[in-house]
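Notebook open, model loaded. I want to go through the domains, then the chain contacts, then a few local details.

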Amino acid sequence: MAKLEDTLNISDEEGFVTEFDAAMDDPYRVKPVIEFRDVRLAFDDKVILDGVSFTVRRGETKCILGRSGGGKSTTIRLILGLLKPDSGQILIDGEDITGFSEEEMMPVRQKIGMVFQEGALFDSLSVYENVAYRLREQNVEEEEIEHEVRRMLRFVDLEDAIDKTPNELSGGMRRRVGIARALVGDPEIVLYDEPTAGLDPPTARTICELAIKLRDLQDVSSIFVTHEMNNIGYLSSEYAIVTETGEVVLEKEGEKLCLINTEVIMLRDGKIAFSGTDEKLRSSSDPYIQNFVYGK
Amino acid sequence: MNPITKFIFELQGISLLVWRSFTGLFSRPRYASEWIRQMDLIGVGSLPIVLLTGFFTGAVLVLQTYLTLQAYSIQSSTGQLVATSLVRELGPVLTALMVSGRIGSAIAAELGSMVVSQQIDAMRAFGTDPNRKLVAPRLIALILMLPLLTVAADIFGLIGGAIVADTIYNQDVNAFVNSAREGIQVKDIIGGVVKPVFFGLVVGSVACHKGLSTTGGTVGVGKSTTDSVVIASIWVIIFDFFLSKALQYLLDIGKM
């Protein structure tokens with residue numbers, strides 16, 4: 001995958017569009033990156049997922065909505081192979097990972113970056129070491145590690161915090177370091193587990209902007225678990241482009257362009273209660289969805 | 001859940017944990033630097049409390065038993081009594097209990113808080129096996145360090161005993177040392193070093209298992225910590241009985 005610097009060089013917007021058209025017919029793009037087939041999971045008597053099926057295409061962001069404890073985070077843990085489903089199949093890049101052992105999961109996990117709920121930074125390591133963690137595990141040369149770590153911390157605008165420990169960071173900074181750590185090694189898939197929970201609105205917005213940039217400029221496929229409607233609003237109505245001066249800006253969808261790379265899934269009692277665009281979600285007449293979207 | 005089923009499940013969890021950690025030692029990555037760090041933390045870190053415990057245990061043994069032995073006019077055997085009880089029994093058990101309190105609780109709390117803050121999940125997601133990186137180094141360190149700490153406690157116990165015998169009961173230090181040397185045989189020392197190897201395994205595996213199976217947020221961490229110390233201590237004492245019997249049989253201890 002193209003690195004951020006390379007992507008930033010795209011200045012010709014028309015070229016970008018034709019490239020996009022051609023890409024739509026590309027089998028590489030048509031094949032789902034993540035696929036759930038009738039996945040079921042229960043803890044003792046409590047059913048968490050009850051026959052969930054969905055796909056995530058390349059470059060697409062799927063937002064998963066639902067009440068707390070409704071199986072959203074579980075979905076993400078299943079993709080990483082941290083949990084195994086009771087039945088059904090999970091495919092990553094067309095590969096059925098359902099029966100994979102911990103060792104077999106390792107190469108699959110390398111394709112995936114994960115942003116945890118509270119950041120889940122390693123307390124005993126500095127910000128630098130946290131971000132470098134995955135590369136260190138892969139025995140990458142220290143020089144390259146430092147270059148990568150700085151590049152990622154610059155992306156989340158936290159290069160100054162490189163020598164701090166996680167305890168010295170605010171909640172929002174921890175999430176951003178968490179994002180930087182997830183992005184090291186340029187994963188094709190990024191999973192966000194409630195990345196904005198408990199953050200103030202401007203910081204939450206920053207996190208969403210990062211997700212938008214990754215989706216539109218880096219061609220990352222992702223799952224964005226949240227229960228906050230404004231996150232969905234940002235993700236499904238704004239897109240990132242690179243201007244002629246090489247600057248990255250966010251624009252709102254409108255007459256010029258309609259975003260099709262972001263969809264919403266709503267989980268209810270372990271089943272998918274809704275799947276489609278955010279416009280459809282907002283105009284749904286289902287009282288449960290109405291209640292969730294408008295809070296009444 | 002029925003307590004017996006629960007016990008069997010726990011036992012299964014602990015056995016699997018130990019099995020995975022040890023089989024992991026036969027392939028890379030092994031995280032050797034982590035082993036050294038844990039040995040320093042567990043071995044050197046526990047030395048002061050273990051030495052103090054050993055010293056005063058030896059001292060109080062002499063203080064209490066001297067008078068009883070004097071009643072039978074065999075007070076010259078004080079050294080022998082203190083040495084055998086320390087080397088065979090009190091050294092290994094008390095050291096294991098102290099280490100369980102200090103290190104077992106710390107391991108359970110550290111791993112438990114890593115679980116509830118999703119750091120263990122993060123570790124797995126980034127391709128690290130927590131058994132290799134976290135469990136194996138702690139088990140290895142405990143298994144190697146506990147016998148050494150026990151020996152240190154034994155020696156300080158004898159020193160404590162000698163000082164009390166000399167200062168309070170006016171028994172010559174040489175007489176005490178000679179009596180102690182008569183009392184202990186090589187097989188006692190072997191037994192006294194073999195026991196802590198098993199105790200290290202018990203303390204480490206219980207603490208790691210309890211820590212890694214923490215649920216229920218910060219309250220859960222507290223519960224895991226307490227459980228780990230209580231369960232490990234009970235098992236050390238229970239194991240001690242059966243190990244002593246097995247060692248008596250294997251090393252022919254007690255047959256003069």
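**Domains of chain A.** I started with the spacing: the centres of domain 1 of chain A and domain 2 of chain A, taken over C-alpha atoms, are 23 Å apart. I then looked up the contact (heavy atoms within 4.5 Å), and it takes 16 residues from domain 1 of chain A and 14 residues from domain 2 of chain A. The bounds, which come from an automatic or database domain assignment, are 4–25 + 39–111 + 187–294 for domain 1 and 124–184 for domain 2.

**Ground rules.** I'm noting that this is a predicted model, where local features need pLDDT of at least 70 and side-chain atom pairs count only at pLDDT 80 or more, while totals for chains, interfaces and linings use all residues. Residues are numbered from 1 along each chain as its sequence is written, chains are lettered from A and ligands numbered from 1 in the order in which they are written, and side-chain values use heavy atoms, with hydrogens and water left out.

**Domain interface.** Between domain 1 of chain A and domain 2 of chain A I get a buried area of about 1,300 Å², with 68% from carbon and sulfur atoms. Buried area here is the accessible area (1.4 Å probe) that two parts lose on being put together, summed over both. How many salt bridges cross this interface of domain 1 of chain A and domain 2 of chain A? The rule (a side-chain nitrogen of Lys or Arg within 4 Å of a carboxyl oxygen of Asp or Glu) finds zero. I did find three residue pairs in polar contact across the interface of these two domains, both residues at pLDDT 80 or more. For that term I used a pair of N or O atoms within 3.5 Å; within protein, one must be able to donate a hydrogen and the other to accept it, and residues adjacent in sequence count only if both atoms are side-chain atoms.

On the side of domain 1 of chain A that touches domain 2 of chain A, helix 1 (4–8) and helix 9 (201–217) of chain A each supply at least two residues. Helix 9 of chain A gives the most to that side, with five residues. Helices are DSSP runs of H or I, at least four residues, and strands are runs of E, at least two, numbered from the N terminus.

**Chain A against chain B.** I see 21 residues of chain A in contact with 15 residues of chain B. The two chains bury about 1,600 Å² between them, 52% of it on carbon and sulfur atoms. I count two salt bridges between chain A and chain B. Arg77(A) and Asp121(B) meet through their side chains in a salt bridge (2.2 Å, N to O). Polar contacts between chain A and chain B come to nine residue pairs, both at pLDDT 80 or more.

**Inside chain A.** I also checked Asp50(A) and Arg40(A), whose side chains meet in a salt bridge (2.7 Å, N to O). Asp50(A) lies in strand 2 (residues 46–56) of chain A and Arg40(A) in strand 1 (residues 34–43) of chain A, so the pair ties together parts that are ten residues apart in sequence.

**Chain B.** I get eight helices and zero strands here. The C-alpha trace of chain B spans about 70 × 35 × 35 Å along its principal axes. Just after helix 3 of chain B, Gln118(B) takes a positive phi of about 65°.
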